[in-house]
Amino acid sequence: MFDQDKWEEIWQTIMKHKLRTALTSFGVFWGIFMLVLLLGAGNGLQNGVMQNFDIAKNAVFVWTEVTSVPYAGFQAGRQIDLTNDDFKALQNLKGLNTVSPRIPLNSRWSGGQVTISYDNRDVSYSIMGDYPQYLDIQPLWITEGRFVNKFDIEQKRKIAVLGRRVKDDLFQERGALGEYIKINGVPFKVVGIFDSRATGEDARNDIQIIHIPGTTAQQTFNMGESIGWFGCIPTSGISGLEAEEIIKAELRKRHKIAPNDRQALGSFNVEEEFKQMQGLFTGIAAFSWLVAIGTILAGMIGVGNIMLIIVKERTKEIGIRKSIGAKPWSIISMIVQESLVISGVSGYLGLVFGVVLVEGIAYAMAEFGMQSEFFVNPEIDFKAAFSAISVLLVSGVIAGLIPGIKAARVDPVIALRDE
């Protein structure tokens, strides 16, 4: 493989037919270049979507609506309300690791109108009564202070955690921690500020919320023991679908809902949504590989044809080699080596140019603030680069092997008689 004479022969052959070699190499170059570019774009799309996916990937949300089937003496059209007793029951269920009630103040329990006031400024934003375990379901980026804790829940403290947009609107440049805001005229102490790592509409929605303790929301705003919905995370080994059925079965039993009533209980399974997105990105990656490998194979067919022409042009030389005792493998290896040089160099250049372009796009997006809501930090991982090189080397061997075998079968007597 490292015979100097062979390398000199390869170099001379390439220099003798520069245009032919360049055109042949371009097909391989373009295939690897397109593969890197498509994979980088696919990763940028995935990064953008996942950046906005700021909820636990196995979370399940369950809420109640109106019954549609008569059951156990109750007529259809009955409104089902969740309560603190349901919360306690779900906490004791096997298969659930986290149960977090959510109590929205902007709802039928509070008349739908909530006013937040500070220093003669009035705004209107969403307010959620939450529990500490909510952070297991949707981790918040707490930039100042803290989130709701268990003492806030137990003592029903009037504290508030503000989204950055709420803080900016109410306090502008002033500090908010330790200050008091009024929610429907009731003073609440600001103990925390949070921001969002997401972009676009999701980020705007996240930072326009005020979190207060769930127990405080129920007591202060005369909501009794009402709960809006539950966010849950199953234990390890339990799928989101299984957890969904466990929760619904318990709520059907507690509220006397017909087993075949599909309307009374609503749910959203994040795990299934996440799997669908993963399937989409897998499909994009597979399509990228399909297009690129097709292009690479077309380039390799060109390399194979060139090697067949080279074998034809060097028939007499091959005949001389065989007549003085050259082994068939030495002939094959010479052709395969030349094929690998052409495909390897052009493929490596395609890889380098592709990576440089992808990294240049990523740098420009970060440097000039060009990040999109659904396209962030395009990148090429090591596995993709290694796979591309592996495909290239295997293709190079195959492209040179068939012409090499043909060269090894050359009859030296006939080759030397050829004019």
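In strand β11, I210 is the bridge partner of I127. Strands here, like helices, are DSSP runs numbered from the N terminus: a strand is E with at least two residues, a helix is H or I with at least four. The strands β6 and β11 pair in the parallel sense, over five bridges; to count as paired, two strands need at least two bridges found by DSSP.

A word on the source. This is a predicted model, where local features need pLDDT of at least 70, side-chain atom pairs count only at pLDDT 80 or more, and totals for chains, interfaces and linings use all residues. Residues are numbered from 1 along each chain as its sequence is written, and side-chain values use heavy atoms, with hydrogens and water left out.

Back to β6, residues 126–130. Strand β3, residues 96–104, is joined to β6 by two bridges, and the two run antiparallel. There, P104 stands opposite M128. Four of the five residues of β6 are buried, so the strand is largely enclosed by the rest of the structure. Buried means under 20% relative accessible area, exposed means over 50%, and partly exposed is in between, with a 1.4 Å probe and protein chains only.

Next, helix α6, residues 164–171. Its buried residues are V166, K167, L170 and F171. They cover an arc of only 100 degrees around the axis, which puts them on the same side of α6; the arc is taken from the directions from the helix axis to the C-beta atoms. What do these buried residues pack against? The partners are β4, β5, β8, β9, β10 and β11, where contact means heavy atoms within 4.5 Å. Just after α6, Q172 has a positive phi of about 55 degrees.

Now the salt bridges. The rule asks for a side-chain nitrogen of Lys or Arg within 4 Å of a carboxyl oxygen of Asp or Glu, and by it the count is eleven. One of them links D195 and R164, with the closest N and O atoms 2.8 Å apart. D195 lies in β10 and R164 in α6, so this pair ties together parts that are 31 residues apart in sequence. D195 counts as buried at 16% relative accessibility, while R164 is partly exposed at 34%.

Another salt bridge joins E244 and K248, at 3.6 Å from N to O. Both lie in helix α9, four residues apart, about one turn of the helix. E244 and K248 are both buried. Elsewhere, salt bridges that share partners join R146, D152 and R157 into one network. Within it, D152 and R157 have their closest N and O atoms 3.1 Å apart.
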